Amino acid sequence: MSNPTLRYAVIGAGGISAMHLNAIATQPGVEVVGISDPADPAKWRTPDGYGHAPKFTDPEKLLRETKPDLVSICTPNKFHCELTLLALAHGAHVACEKPMAMTLSEADAMEAARAKAGKHGAINFSYRNVAAFRFARELIARGDLGKVLRVNCVYLQSFLGATATPYSWRNDLALAGFGALGDLGVHMLDGVSFITGLDYQRVVGLAQTLIPEKPDAAGKIQRVTTDTNAAWLSELTGGVIANFETSQVAPGYGNYFRIEVSGDAGTLAVLSDETDALWLRAGPTLTRYATWKTDLPKQALPTDFMSGFKPVTPGGIVRAIRGEANAEYPSFADGLCAQRMLDAIGRSMQSNAWETIG
Ligand SMILES: NC(=O)c1ccc[n+]([C@@H]2O[C@H](COP(=O)([O-])OP(=O)(O)OC[C@H]3O[C@@H](n4cnc5c(N)ncnc54)[C@H](O)[C@@H]3O)[C@@H](O)[C@H]2O)c1
């Protein structure tokens, strides 16, 4: 029996809306019933193929008139919570962008409303789509690295420091809630817990704004109120130390997201730019000798792993809504875990001390 049509709407027609439409609207039996954005449609960044979709400036009108089964929330962070609650109140499942919310209390409210409505809620932790990240998770879960002992994670970009990048909502604390910490940091927090399978216990962190102002597209100087770089140290389940550094102003770095994990039987590293390979040395021979010439060889992922590999976000939620076996997507609960860490890092910056995860 074929699936009934799934009515799909997108709120926020900026850059990331293309990823949602390409992953969700391209699935069989999905109909795009509307797109909403307050900006002039000539400036929307949705792919050309969706130009025919009914256009709205008011998200409530979109939801009331089109009655979607699933809504993607692709707006600046400030609107994630209110639009998620609105979409759930109109009976829709929700695929929301990261970070889940501006505050922990917003994220809590989103998950509570989702559970009460009995709907699916996804957060687009897009690095879960990287084959190397998933293979690393599989190796660690199978015990190939032994007991996990240490984690190092960096996520560095340069775009914000570039004169070519104008001031945007991403630099405004009132619209973004965070700078590098929330924009890149949530990917790091989710990536490390996803790959290691460990939970966060406590954290101490620091963030700074290294570029105090930037010209906007009209040339007017605006104050940057978000952090441009952050670092934090955290303790994971079993006392594992994980350290993290992120920056949006590190010259020379485009999109450098690296996670390295050592266990007592080996070390691996994954890099966002190398989706089909990882760096790996593991096995009993390594632990027999005290020292080695430092060498972490790059290995292509097994071809049979690659052939079975499918992206899980943001499209996985469609398979879950349809009740398909083994459907998988990063959930609101996963978004909430990362949000708890962002909240604890913020508290640590206030208290100048370690904070436990609330
Ligand atoms: N998962 C990822 O890897 C990833 C990558 C990029 C962006 N994002 C996230 O996606 C979201 C949007 O980022 P973007 O890069 O698409 O930004 P963008 O600036 O390209 O687009 C944002 C769009 O939202 C619209 N908008 C603003 N207020 C709105 C409202 N109240 N209702 C509806 N639309 C509204 C704007 O007009 C604009 O078209 C952010 O939360 C960001 O963190 C995630």
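Two residues are in contact here if their C-beta atoms, placed from the backbone, lie within 7 Å. Axes are lines fitted to C-alpha atoms, for helices over the stretch in contact, and angles run from 0 to 180 degrees between N-to-C directions. Helices (H or I, at least four residues) and strands (E, at least two) are DSSP runs, numbered from the N terminus. With that in hand, let us walk through the model.

This is a predicted model, in which local features need pLDDT of at least 70 and side-chain atom pairs count only at pLDDT 80 or more, while totals for chains, interfaces and linings use all residues. Residues are numbered from 1 along each chain as its sequence is written. The pLDDT is the predictor's confidence in each residue, from 0 to 100. For the protein the average is 96, and 99% of the residues score at least 70. As a reading rule, where pLDDT is low, the predicted coordinates should not be read in detail.

Two strands count as paired if DSSP finds at least two bridges between them. Strand β1 (residues 6–11) and strand β4 (residues 70–73) run parallel and are joined by 4 bridges; Ile11 stands opposite Ile73 in β4. In the loop between α2 and β4 you will find Lys67, which has a positive phi of about 45 degrees although it is not a glycine.

Now look at helix α3 (residues 80–89) and helix α4 (residues 104–117), whose axes come within 10 Å and cross at roughly 10 degrees. The two helices are therefore roughly parallel to each other, a label for angles under 35 degrees, with over 145 counting as roughly antiparallel, 65 to 115 as roughly perpendicular and the rest as oblique. From α3, the contact is made by Cys81, Thr84, Leu85 and Leu88, and from α4 by Glu106, Ala109, Met110, Ala113, Arg114 and Ala117. By class, this contact has 7 nonpolar, 1 polar and 2 charged residues. Here Ala, Val, Leu, Ile, Met, Phe, Trp, Tyr, Cys and Pro count as nonpolar, Asp, Glu, Lys and Arg as charged, and the others, Gly among them, as polar.

Next comes the open sheet of 9 strands, which has mixed pairing and the order β16-β15-β14-β13-β7-β12-β11-β8-β17. Strands β16 (298–300) and β17 (355–356) are its edges, each pairing on one side only. Strand β7 (residues 148–156) pairs with strand β12 (residues 240–247) in the parallel sense over 7 bridges, and Val151 has Ala242 of β12 as its bridge partner. Strand β11 (residues 229–236) pairs with β12 in the antiparallel sense over 8 bridges. Along that pairing, Leu233 stands opposite Asn243 and Ala231 opposite Glu245. The two strands form a hairpin with 3 residues between them, and Gly238 in the turn has a positive phi of about 80 degrees. Strand β8 (residues 200–208) runs antiparallel to β11, with 8 bridges joining them; Tyr200 is partnered with Leu236, and Ala207 stands opposite Ala230.

Two helices lie over this sheet. Helix α5 (residues 131–141) lies across β7, β13 (256–263), β14 (266–271) and β15 (277–282), at about 160 degrees to β14. Helix α8 (residues 185–196) lies across β7, β8, β11, β12 and β13, at about 155 degrees to β7.

Some backbone details deserve a look. Most residues other than glycine have a negative phi, and most peptide bonds are trans. A cis peptide bond joins Lys98 and Pro99, with omega about -10 degrees; Pro99 sits in the loop between β5 and α4. Another cis peptide bond joins Thr313 and Pro314, with omega about 0 degrees, and Pro314 is in the loop between α10 (303–307) and α11 (316–321).

Finally, turn to the ligand. A residue is near a molecule or strand if its C-beta atom, placed from the backbone, lies within 6 Å of it. Of the 22 residues around the ligand, Gly14, Gly15, Ile16, Ala39 and Glu97 come nearest. By class, the shell has 9 nonpolar, 8 polar and 5 charged residues.
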